[in-house]
Amino acid sequence: MADRTGDILLGMLDRPAKPAEARPLVVFIHGMTGCEDSVYVLSAARHLLGCGYTTLRINVRGAGPSRPYCSEIYHAGRTADFRRVLEQLPEDLTAHGIVAIGYSLGGAMLLKYLGEEGAFAPLRAAASICAPIDLIATARHMMRPRNRLYHAYLLNGVKAETLGEGARLTAEERTVVRRARTVQEYDDTFIAPRYGYRGALDYYELCAPRNYMPEIRVPTMVLAAHDDPWIPIAHYKDFKWGDNPWLLPVLTPTGGHVGFHGDASNRPWCDVALEKFLERLDTMAG
């Protein structure tokens, strides 16, 4: 990374056994507490490899295999890291362009990045899967009783990442992280002060993808499910999709959170949706 921390991000590059001609590199960004080996990332990468695409599964700062090599930790607004990754990709991988696919929090980071870059984004296309586009609403939604077990799992995961090998935290920060009783408290008492936000709500509002999506100028599929238990669909339905022709909303009745399993196949059908979306690259325009 270019911020003088000495932090290094690791990723897994896979080349197809039978490369297809003129296919772009596909870069995957995992979700919160995920990594290059998250089931949903592996599934999509395996499917697109079979279609002839080269894939790169990156581990964001402080996550998965990147954890021992990073003093810092990722958050929803840390788009500079992805920008730096794209800048360093070798030309032999990017000769036919780059496509980015982000899941959950990784999707939120990707949408924010795309809005920041606008027409200057060096991507042929992008897709987000089950991204929280309104972070304040998502934080509140996560505290519903039905989400108690998942919330506890997520909180324990972010604590383990934040305190893991390589992390450079003060004794006070370590205490704050250990004491956090909710993800929002973790964001309010650790992420916000460490990264220059006034608090969790300020962090959520400034980094919410819905604020950046009107400026996206890259063909971008935005996939979400009405029955996602953790990401409220209401904010997808309220967004003015018709104001930005570069966005392709795919709001399905079912699919859960990065699941999208059907009866006819063990393969999540969102992987097939990604394949069909990428097949249309040469004909897509805003």
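Me: How do the axes of helix 1 and helix 11 come together, and at what angle do they cross?

Reply: Two packed helices are described by the angle between their axes and the distance between the axes. Here the axes of helix 1 (residues 39-50) and helix 11 (residues 269-279) come within 9 Å and cross at roughly 45°. Axes are lines fitted to C-alpha atoms, for helices over the stretch in contact, with angles from 0 to 180 degrees between N-to-C directions. Helices (H or I, at least four residues) and strands (E, at least two) are DSSP runs, numbered from the N terminus.

This is a predicted model: local features need pLDDT of at least 70, side-chain atom pairs count only at pLDDT 80 or more, and totals for chains, interfaces and linings use all residues. Residues are numbered from 1 along each chain as its sequence is written, and side-chain values use heavy atoms, with hydrogens and water left out.

Me: Which residues of helix 1 and helix 11 meet?

Reply: Contact means heavy atoms within 4.5 Å. From helix 1 come Ser43, Ala44, His47 and Leu48; from helix 11, Asp271, Val272, Leu274, Glu275 and Leu278. By class, this contact has 5 nonpolar, 2 polar and 2 charged residues.

Me: At what angle do helix 8 and helix 9 cross?

Reply: Helix 8 (residues 183-194) and helix 9 (residues 200-207) have axes that come within 8 Å and cross at roughly 90°. That makes helix 8 roughly perpendicular to helix 9. Val183, Gln184, Asp187, Asp188, Ile191 and Ala192 in helix 8 meet Ala200, Leu201, Tyr203 and Tyr204 in helix 9.

Me: Which residues touch the most other members of the largest nonpolar core?

Reply: A nonpolar core is a set of buried Ala, Val, Leu, Ile, Met, Phe, Trp, Tyr and Cys residues joined through side-chain atoms within 4.5 Å. Buried means under 20% relative accessible area, exposed over 50%, partly exposed in between (1.4 Å probe, protein chains only). Among the 66 residues of the largest core, they are Phe82, Leu110, Leu114, Leu123, Tyr186 and Tyr236. Helix 4 (residues 105-117) gives the largest share, 7 residues. A second, separate core of 26 residues includes Tyr40, Tyr53, Ile129 and Phe260.

Me: Is Val99 buried or exposed?

Reply: Val99 counts as buried, at 0% relative accessibility. Val99 is found in strand 4 (residues 98-103). Leaving aside neighbours within four places in sequence, the contacts of Val99 include Pro24, Val27, Ala125 and Leu278.

Notes
Nonpolar A, V, L, I, M, F, W, Y, C, P; charged D, E, K, R; others polar. Parallel < 35°, antiparallel > 145°, perpendicular 65-115°, else oblique.
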